[in-house]
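I opened this notebook to record what I looked up in the structure shown below. The entries pass from the whole chain to single residues.

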Amino acid sequence: MFKLFSAEMLKIAVKPRSYIGFAAITVIVLLIEFALWLDGRSYLQFILQTLEQSFDVQGNLLNGNLVAFIILQTLIVQMPLLVALISGDLVSGESAMGTIRLLLTKPYSRSQILWAKFFAASLYVFLLILWLGVLALGLGLLVFGTGDLVVLKSDELIILQSGDTLWRFFAAFGVAFLSLSVVSAFSLMLSCFTDNSIGPIIAAMAVIILFTIIGTLEVPLFDQIKPFLFTTHMIVWRNIFENPLDWPLIRNSAAILALHIAVFLSVSFYHFNRKDVHN
């Protein structure tokens, strides 16, 4: 099984598209940090000008914690596309090239092959999140220093002490990994149903965009649908930066995300084990 997993990781590693995600994250994070380094204090003063009329705001507010939080809000929404580019091609790509039939002649069951592909995609997601954490939080703290995290919402202001932020970021990255794993499992499921390597990628992103639009519209009918959409629970990482924490909400969203992964994988295994390969 380890050899099969290693082979799947090698297939991902040799594809040029696998490095698009890392390159995009690197460029975007560095641009955001450079922009904040140049004009961040002016931007922060503009945001907090109303607050400063009532309170004496002191300290290093433009710190690595705030920079990392801003980057997370910017990039987490875009990362499903980077994941779908890889996981949506794992089965359909081999079907399109005709290598899937050769793979099925190996002394492995179809379930083992699909597990290897999913674990390889999961490792890719983990490395993507890890790289984001290194650049956003690690480099952010190195360049901007540490300090209290100011989370400004539409109806409230949350201030988290610097010693209370690190574990929250690790938890947020963990939730982000779970959320992107849903996208990975969903794309893999779509990949099992077609021999076109581009179709599952486009379909996955179309569904995510549709669900996101439904989640943002204040329509009574959509309000009944939102709790069942995985995109609704993918943004639960933001709740980790609330004080006090709404643990029941976080656990419920994490459980629903895990349930989606289980459902998508179950459909994938059911279809792939019965799929008639002609190529």
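Entry 1, the whole chain. I noted that 44% of the 279 residues of the protein count as buried, where buried means under 20% relative accessible area, exposed over 50% and partly exposed in between, with a 1.4 Å probe and protein chains only. The model is a predicted one: local features need pLDDT of at least 70, side-chain atom pairs count only at pLDDT 80 or more, and totals for chains, interfaces and linings use all residues. Residues are numbered from 1 along each chain as its sequence is written, and side-chain values use heavy atoms, with hydrogens and water left out.

Among contacts with a separation of 6 or more, 81% join residues 24 or more positions apart, contact meaning heavy atoms within 4.5 Å.

I located Phe169 in helix 9, residues 166-191. Phe169 counts as buried because its relative accessibility is 0%. Beyond four places in sequence, its contacts include Asn65, Phe69, Leu137 and Phe241. I also noted 10.0 Å between the C-alpha atoms of Phe169 and Arg238, which lie 69 residues apart along the chain.

I looked up Lys226 in the loop between helix 11 (220-225) and helix 12 (230-234). Is Lys226 buried or exposed? Lys226 counts as buried, since its relative accessibility is 11%. Setting aside residues up to four places away in sequence, Lys226 touches Ile214, Gly215, Leu217, Glu218 and Thr232.

Methods
Helix = DSSP H or I, 4+ residues; strand = E, 2+ residues; numbered from the N terminus.
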